[in-house]
Amino acid sequence: MSAAAKTEGVIQAGNLHRKREGFLAKLTGGKQLCYVEANDQTKAVTAFESETNKAKPLATLDLSSGATVEFDASFAHGIKLANATTSEVFGAESKEKQEEWLNSFINAGAQYREAFNVADTAKIQSFYELKDFDMAGNEVSMDTYKGKVVLVVNVSSLCGLTPTNYPELTQLYEKYKDEGLEILAFPCNQFLQQEPGTHEEIMEFVKQYNCTFPFFEKHDVNGSAARPVFAYLKTKLPGSFGNYIKWNFTKFLVDRNGQPFKRFAPKDLPLSFEEDIKTLLAQKPTEE
């Protein structure tokens, strides 16, 4: 989008496919290419025929009150926006663009709504019921960490928060691991592709920070392929944008009984909640 054409408050603009239904859908293949603007000042998303034809919007969704956004599997790289009166489904050109647009819709005022694995996640009673895979592809039950205080973090190598978070995570782990603290790192490439490397490259990268805590395989934390650990934790401890992971280095503390205790934002450095860790370490697990 050219600077001259930019509307005040627009945080993202570009072409998306708009899902169409009914008679017209047969003529258009079920989709319509349109030009979309997400505006964080007006708290609205507007679809136009094209960037050069903005005289009359095709659709405008007010995001100022009660609007939601979610991944939509009915459309390629789909995103569903809805408010009390209407809804729209847009399709992006790639998974990366889908995630980028969904973030912009959240920043413009929509609240994230989890659309996948909701029923299964609701049945989970404890962190210990979950499983994941380590960097070697071995299945690891979270029951392995039973009785410990667990800090779960989605990590990346190329984020601006990387140089401040990794040293403090290492410091906390070295200081409290013998008292029962476990830190679990989950690489994720969903946020501006800031974890693009292979498992081997990731482990080589973190050597500079002397990380000795466990790392798990690289995988998603949002959407249909979100790893169960994060699907569970973000549901139990929603953030400012709902049950959504907004960025790298979102952190979750789990107590000695496998219950989610507190969530910390990406910019909350690990040492800033050291007292919470000490409080949980001082508690004994409940005997079954």
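The model described here is predicted. Strands β6, residues 78-82, and β7, residues 87-91, run antiparallel and are joined by five bridges, and within this pair Gly78 has Gly91 of β7 as its bridge partner. In general, strands of a sheet pair through backbone hydrogen bonds, in either a parallel or an antiparallel sense.

Both strands belong to an open sheet of eight strands, whose order is β4-β3-β2-β1-β7-β6-β5-β8 and whose pairing is mixed. Its edges are β4 (59-62) and β8 (111-112), each of which pairs on one side only. Helix α2, made of residues 95-107, lies across β1, β2, β3, β5, β6, β7 and β8, and runs at about 120° to β1.

Strands β11 and β12 pair in the parallel sense over seven bridges, and Leu151 stands opposite Ile183 in β12.

## One side of helix α7

Which residues of helix α7 (residues 274-281) are buried? They are Glu274, Asp276, Ile277, Leu280 and Leu281. These residues lie on the same side of α7, because they cover an arc of only 160° around the axis. As a general point, an α-helix has 3.6 residues a turn, so residues three or four places apart point the same way.

The cover over the buried residues of α7 includes the strands β11 (149-155), β12 (181-187), β13 (251-254) and β14 (260-264), together with helix α4 (162-176).

The largest nonpolar core holds 28 residues, and the members that touch the most others are Tyr166, Leu181, Ile183, Phe213, Phe215 and Leu253. Two or more residues of this core come from each of β11, α4, β12 and α7, with α4 giving the largest share, five residues. Apart from its neighbours within four places in sequence, Ile183 is in contact with Leu151, Leu169, Leu172, Tyr173, Phe213 and Pro214.

A second, separate core has 24 residues, among them Cys34, Leu61, Val69 and Ile106. In soluble globular proteins, nonpolar side chains tend to be buried together.

## Cysteines

How many disulfides does a search of the whole structure find? The search finds zero. Cys188 is in no disulfide, and the nearest cysteine sulfur, that of Cys159, is 11 Å away, whereas a disulfide would need the two sulfur atoms within 2.5 Å. Cys188 is buried, with a relative accessible area of 0%, and Cys34 also counts as buried, at 1% relative accessibility.

## Two residues with positive phi

Most residues other than glycine have a negative phi. Asn210, however, has a phi near 55°, which is a positive value in a residue other than glycine. Asn210 is found in the loop between α5 (199-205) and α6 (228-236), and counts as exposed because its relative accessibility is 55%, where over 50% is the cut-off.

Phe249 likewise has a positive phi, near 65°, and is found in the loop between α6 and β13. Is Phe249 buried or exposed? Phe249 is buried, because its relative accessible area is 0%, and the limit for a buried residue is under 20%.

Technical notes:
Residues numbered from 1 in each chain as written. Predicted model: local features only at pLDDT ≥ 70, side-chain atom pairs only at ≥ 80, totals over all residues. Heavy atoms only, no water. Pairing = 2+ DSSP bridges. Helix = DSSP H or I, 4+ residues; strand = E, 2+ residues; numbered from the N terminus. Contact = heavy atoms within 4.5 Å. Axes fitted to C-alpha atoms, helices over the stretch in contact; angles between N-to-C directions. Buried < 20%, exposed > 50% of the residue type's maximum accessible area, 1.4 Å probe, protein only. Arc of directions from axis to C-beta. Core = buried A, V, L, I, M, F, W, Y, C linked by side-chain atoms within 4.5 Å.
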